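Let's take a walk through this structure together, one site at a time. Please have the sequence and the 3D view open as you read.

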Amino acid sequence: MKKYILTGTLAALLTLGGLSVPALAGPEDVVVENAWSRASIGMNRPGAAYMTIRNTGDEPVTLIGLTTPLAMMPEIHETKTNAEGVSSMSPAGEIVIAPGESIALEPGGLHAMLMRLQEPMTEGDTFPLTLLFDDGGEVTVEVPILGIAARGPED
Amino acid sequence: MRRRAILGYGAAGVGAVALMLFVGWWQVDGPGGPEPVGQRPVALTEMDFRLTDHEGNAVGPETLIGRPTMAFFGFTYCPDVCPTTLSDISGWLDDLGDEADEMNVVFITVDPERDTVETMAEYVGYFHPAIRGWTGPEEQIARVADGFRATYERVPTESGDYTMNHSASVFLFAASGRFVTMIDYHEPREFAVPKIRRALEEETEGAT
Ligand SMILES: [Cu+2]
């Protein structure tokens, strides 16, 4: 049986304290670090969120989806750039994270695509994003919203 | 007798190989070949298009002549690649400091249906002040992309909207309008900034 760490409250507290989401370590199997997103202009455009998801357990974990009150259709997407330099993005499907491995959701690669926003993403706010795993486990992370021009979690 | 026959076949063989090579060249590189993708843009002086910048000014390739130019394609409904490229460019411009003042920096939309002049104005306002946003009628955007040898394509999404696949490289032109080089998406900053300097230096050489 895998255990999941609920980082939401802690991250929210630290975010309110003016800190970015910290590296969370512990005996739990799935750890989400360095979550961040960009502010949106209004609600018509999709948003994107980024983070590192680490499997600290002994068994593979499979990320199957996302939920958030912020967006009606959150989904893991992958951006690819082909040999001609043309970028495209599409749903990434299920993502298996091997024991001891991590996956990076980062600009130009995997991202949490936040389609059909329910409210604008405002710089300085945070929103909860829940990662859904194939065994029914969930991890909720509080994602800080940075500026539109942010380049990474530290910006 | 026998030997002559072999020579005959040999000559026919050489002829056949030569024909195959010629046909191959014609289809791949020659005038019979398809337009190759990913090739170099033409010079700005050879381009012909009319667009509008985010302040409502009429612009075209001639607007860019006289100063080095950094240009790239995108759209403001793009959640990942475009804000990343715009922030990368803003970072490069910060690194260049005063040198960047001598440059045109142009973000050209491939989604004119949603990216009106007002939309472009609001969007570029969040990034480095040197970045200009250009939009225009679809057929003019197509002409720009053609000159840059760039591609774009409208793709429906599951949410009922659409997204745009597009060339994500940043194109660099000298002040003369000559294409210098491009910065590929994901290229580290330590490569990008020297490439921009190269485009800037060409101008200096031309001026002295
Ligand atoms: Cu996406």
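What follows is a guided tour of chain A with its metal site, and then of several spots in chain B.

First, a word on the ground rules. This is a predicted model, in which local features need pLDDT of at least 70 and side-chain atom pairs count only at pLDDT 80 or more, while totals for chains, interfaces and linings use all residues. Residues are numbered from 1 along each chain as its sequence is written, chains are lettered from A and ligands numbered from 1 in the order in which they are written, and side-chain values use heavy atoms, with hydrogens and water left out.

Let's begin with chain A as a whole. Chain A has 1 helix and 10 strands; helices (H or I, at least four residues) and strands (E, at least two) are DSSP runs, numbered from the N terminus. Reading from the N terminus, the order is α-β-β-β-β-β-β-β-β-β-β. Of its 155 residues, 52% count as buried, where buried means under 20% relative accessible area, exposed means over 50%, and partly exposed lies in between, using a 1.4 Å probe and protein chains only. Contacts (heavy atoms within 4.5 Å) also tell us about the chain: of those in chain A with a separation of 6 or more, 67% join residues 24 or more positions apart.

Now for the metal. Which residues coordinate the copper ion? The donor atoms are ND1 of A:His77, SD of A:Met89, NE2 of A:His111 and SD of A:Met113, at 2.2 to 2.4 Å. Donors here are N, O and S atoms within 2.8 Å of the metal (3.2 Å for Na, K and Ca); water is not among the atoms, so sites may look incomplete. Along the chain, the copper donors follow the spacing H-x11-M-x21-H-x1-M. A:His77 sits in strand E4 (residues 71–81) and A:Met89 in strand E5 (residues 86–91), 12 residues apart, and this pair links distant parts of chain A.

What is the geometry of the copper site? It is tetrahedral, with angles of 99 to 121 degrees among the 4 donor atoms. Four donors count as tetrahedral if all angles lie between 85 and 135 degrees. For comparison, the ideal angle for four tetrahedral donors is 109.5 degrees.

One more stop in chain A concerns the backbone. Most residues other than glycine have a negative phi. A:Asn34 is not a glycine, yet has a positive phi of about 55 degrees. This residue is found in strand E1 (residues 30–38) and is partly exposed, at 38% relative accessible area.

B:Arg149 lies in the loop between helix H5 (138–148) and E6, and counts as partly exposed at 25% relative accessibility.

Next, look at an annotated spot in chain B. The unreviewed UniProt entry carries a "binding site" annotation on B:Cys78, B:Cys82 and B:His166; such annotations may be inferred rather than shown by experiment, feature names are shortened, and positions are given in the numbering used here. These residues span 89 residues in sequence, yet no two of their C-alpha atoms are more than 10.5 Å apart, so they gather at one spot.

B:Cys78 is in the loop between E3 and helix H3 (81–96), and is buried at 9% relative accessible area. Leaving out residues up to four places away in sequence, B:Cys78 touches B:Pro83, B:Tyr123 and B:His166. B:Cys82 belongs to helix H3 and is buried at 3%. With neighbours within four places again set aside, its contacts are B:Gly74, B:Phe75, B:Tyr123 and B:His166.

Finally, visit B:Thr69 in strand E3 (residues 69–74) of chain B. B:Thr69 counts as buried, at 0% relative accessibility. Not counting residues up to four places away in sequence, B:Thr69 touches several residues, among them B:Leu44, B:Met103 and B:Phe171.

Conventions. Four donors count as tetrahedral if all angles lie between 85 and 135 degrees; four count as square planar and six as octahedral if opposite donors are over 155 degrees apart and all others between 65 and 115; anything else is irregular.
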